[in-house]
Each structure stands twice: as structure tokens, then as C-alpha cells.
Amino acid sequence: MAPVLLMPLATLCRDSKRLTAKGGGSVDTVTKPAEAGTPAAPRPEYSITVSMADLQVCNDDVAVLAAYALGSCIGVAVWDPTNHVGGMMHVMLPSSQTGGSSGWARPAMFADTAVPLLVGRLVQLGCTPENLVAKIAGGGQLLAESKQLAIGSRNVTAVRAAFATLQIAVSGEDVGGTKSRSLKMHLGTGRVVVSSAGEETNL
Amino acid sequence: MMLACSSNVMALPEMTALKIRGLRPLSTSAVRLMDLLRNERATIADLLLLVADDVALSTNLLHIANTAYYRGSDPVTSLHRACVRLGRQGVYKAAVGMSLRGVLPPILPGYQVSSEAFMQHSVAVAVLAEHLARETPGADPDEVFTAGLLHDVGKLVVGQFLAEKQEEMSGRMATGTESIQEIEVAVLALDHCEIGDEIAARWRLPDATRAAVRWHHAPENAPSPRERHVATLVHHADAVAHLMGYGTGIGELLHRHTAATPPAISEEQAELLMGRSLDAIVEFAGAINAARL
């Protein structure tokens, strides 16, 4: 099995000034414990939080990727059932072209750039695009009669479009409405769970 | 209007007055800084004198001056340099932020939100409103920041009433059709804006802050154009903060936004605002939540 690769994209994608910034909430480095000579007891699950505008990929069976308090953001969980490698992103905005492309050095922030980036990282970890299973949650909206501040639904449209471009099917969705959600993916089994107001649903 | 309480029955205004008096006040330093800022002749030396008096504040200001939100090319190591870098308003913002954190209970009753999440929401609204104010002339961005930071202060008292009606509140929230503020009115016949206004008066908060506290859910009702302007900026910032997931716990998106009052916020503007404010929110909220009080 390939060694654990965990991409702290927030670090990769921020400019050098941000490199030392604290408080981003993202995991910087997580290394899998060295394999001992004798088979040890099963390692306990551990959670990796994917912060807003960040993405993480991982090939550790006992890792759980999680994106919390999604609001109008979208949590995207992508998994390859053949090798149990997966990734998650917490996309904030639909398009990297908003307001002109200059000044944005954060591909994980936008649906149109984050999706190909995540898939690219998974391919680097040995995944095949045809095998990938994608599930998405979030894209909520406020209580409003009109369609103002419809960032959530634009995010949903943009994420779907980005996967369609790569010919990857989105096989599970829990999007829209006024629910705030959290998304978790268990890498060992590929189980994806959406929780909202204390209720959990398998996607 | 009467509100039945667990042990006794007391007229609502008396109950609220009692609870408002029962709140821990903002720190002495924050209140003294407010007075200092009202005095146009105050210098950075006056500021330094005041800050040096408060050991916790001094330590935390040094830390905040070195966050990416403020950081220049060199690290700041002296209190004097920290005050110069932050400026009068920056020192004040940090002091008010820490002061707000100081009066929060670990879990806000009724809303079931941790002090950390409440602080994140407050800072998010502060930063977003400040950025909006820079784009839409008509209000001082620093004043708007403080207004955003303290806009939900009424929840400190309203939450205590809501805690006694938790079941009714949860039931209404589950329907997903009413905003949290509308639920407050339905359940208690008052809301956190109204109560917040009384707290703002008692704490002698600046006018812009008081306007935001009172009118951030209904900026169109603010009596003067100036109050309307600040309340509208905070109203937009509040909506964007909820969308970003920096809500206040349960019922994250049960929040009503209106575009009725100018300045309007366009879709593109809202998206840019989110993208450009994210790091500042994370940094500033992190610094305040990490501060040793």
C-alpha cells in the first residue's frame, strides 16, 4: 500500500505570507503510525476536518473526513471503492472567475477549480476517474421570498457541472433548503453521512 | 404582558431589567476605551497608558498585532509598537472583542451555542460589515466593525428566557419556515434586538453600535438615515455570515434577509465579500478565542 499522503491544500494554495498563519483550522500534517512487525489491534478512527475553502485527500482506512456547518457551502466527498482512497472539499463559491480572476490563489475555494484539483490529487494517489463515487451536501439558503443571495444553489449547479465535465457521476445529494448540514466520509467503507439538527442520514 | 417563569411570575419588563442588570458588564478597559475614542484630543500615549494598566489586554494585543489580520513585515514585540500598528480603533476592536468573550457563558442558553461559535459569528459579522462599509461610503468602517461585533448582544438575555421554552422553540425550528428572530417574538413576545437595545443603553455603547443592535433585523425601520445605513450593512453581513456557516448554532440558516433598504448588496458583491473576508474572520476570531482573559 502506498504511504499516506495528506495534502494540506490550504498550505499549498496560500501565498507564502499565509504559510505560517495559524487558526485556519485545517490539518497540516497527519502521518499514519509506522506498521509494527506484529499485527496490532485495529487502530481507532480519527477525524480530519476540512475547513472552509480547503480540501484534503487521504488513503488511510481509519480516517474520517469531515466538513462542518456547511451553510451555502458544499461538502463534496469523493471515494474510490477499489482502493479506499478518498477526498473531501468544502467549497465556498461557485466560480473562480467572480470579480475577475486576479487575486485569487485559492483553487479549493471555488467549485470550478476545486473539483478538478481534488480529482487530480486522487489520481495521484492511484485512483481511476471512472471508479470515483461523488456525493455532495450543502448549498443551503436563507429564508427569503426572493432569490437574493442564492449562493447555495449556484454552488450546487457549479459543483454538478464540474463533475459532469470530468464525466464523474454524482451519486448522492442532500442539497438546498434551509438546513445546515455537516458531511462525513469513512474512508474504510466509503460510508457518507449527512447530519443536520442532530439527525444523521446515509448518502 | 406577563411571562410565566419557573419559580415566580413577574412582569416581563421587570424580568428583563433584572436579567440585564445580572449580566457581567463589558470590561473596564473596553468602557474606558470607548470614552477615550469619543475624545478627539486623545493621543496614542493616552491609549498606551490605559492599555498598560490592563495586563491581560496588553498581552493579547501583542498577540493580535502579530496575526495575519494586522501583521506587517516585522514582528511586533513592544506594547507601544502593537498600539501603533493596531491604531486607536484596532486596540478598541480587540478590547471590545475580548470584552465580549469575557461576558459570554460557555454555552449560551436557549440558542445552545458555544461561546466560541458565538464569538465566531460576531467576528464574522464584524469583519464582513467592515469590508462592506469600505465599499459603500456613508459610515466609518471601524465603527461598523464594532457594531457588527456586538449586534447580537441581546441574545445574552433572550437566551435565558428561551431556555425555559426549549421544546416549543425546537418544534418551531423543525418546521423551517420561521426565522430565529420570528420564533423569539412568537414564543416570548420580544426579540434580541429590543432587549439588545436596552443592554446597549445600559452599557453606553456608541450610537452606531446601538443602531445595529436595535435594527439589524429590520433596517428599514431605523429612524434616521445614518442608523439605517449602519443597520443595513450589519443586516447584509449577518446574512452572509449565516450563509458561510458562521451562524449561531441551531437553526443556522433560519434567518431572513431583506434587500429592501439601500445600500443593496449584489450577488457578485456577496460572493467577493465572502472570499475576501474568510482569512480575516478566521484570524481575528482565532485570536480572540485564544486570548487569555
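B:Glu271 touches A:Leu93, A:Thr98 and A:Ile151, leaving aside residues up to four places away in sequence; contact here means that the C-beta atoms of two residues, placed from the backbone, lie within 7 Å. The structure is a predicted model, in which local features need pLDDT of at least 70 and side-chain atom pairs count only at pLDDT 80 or more, while totals for chains, interfaces and linings use all residues. Residues are numbered from 1 along each chain as its sequence is written, and chains are lettered from A and ligands numbered from 1 in the order in which they are written.

B:Glu271 belongs to helix α14 of chain B; helices (H or I, at least four residues) and strands (E, at least two) are DSSP runs, numbered from the N terminus. B:Glu271 is buried, with 24 other C-beta atoms within 10 Å. On this scale a residue is buried if 20 or more other C-beta atoms, placed from the backbone, lie within 10 Å of its own, exposed if 12 or fewer, and partly exposed in between. B:Val240 is 31 residues from B:Glu271 in sequence, and their C-alpha atoms are 8.8 Å apart in space.

The contact between the two chains takes 28 residues from chain B and 31 residues from chain A. On the side of chain B that touches chain A, the elements giving two or more residues are α13 (225-243) and α14 (267-290). Of these, α14(B) gives the most, with 11 residues. That side of chain B has 13 nonpolar, 9 polar and 6 charged residues, where Ala, Val, Leu, Ile, Met, Phe, Trp, Tyr, Cys and Pro count as nonpolar, Asp, Glu, Lys and Arg as charged, and the others, Gly among them, as polar.

Of its 203 residues, 45% are buried. Among contacts in chain A with a separation of 6 or more, 64% join residues 24 or more positions apart.

Back in chain B, helix α7 (residues 141-150) can be followed through two packing partners. Helix α5 (residues 79-103) packs against α7(B) at an angle of about 5 degrees, with the axes 10 Å apart. This makes α5(B) roughly parallel to α7(B); angles under 35 degrees count as roughly parallel, over 145 as roughly antiparallel, 65 to 115 as roughly perpendicular and the rest as oblique. Axes are lines fitted to C-alpha atoms, for helices over the stretch in contact, and angles run from 0 to 180 degrees between N-to-C directions. The contact of α5(B) with α7(B) has 5 nonpolar, 3 polar and 2 charged residues.

With α12(B), the axis of α7(B) comes within 8 Å and crosses at roughly 40 degrees, so α7(B) is oblique to α12(B). Residues in this contact include B:Val144 and B:Ala147 of α7(B), and B:Ala212 and B:Val213 of α12(B). By class they divide into 6 nonpolar, 3 polar and 1 charged.

In helix α11 (residues 192-202) of chain B, the residues B:His192, B:Cys193, B:Ile195, B:Gly196, B:Ile199 and B:Ala200 are buried. They lie on the same side of α11(B) because they cover an arc of only 160 degrees around the axis, taken from the directions from the helix axis to the C-beta atoms. Their cover includes α1 (12-22), α8 (155-162), α10 (180-188) and α12 (207-215) of chain B. After α11(B) comes B:Arg204, whose phi is positive, near 55 degrees.
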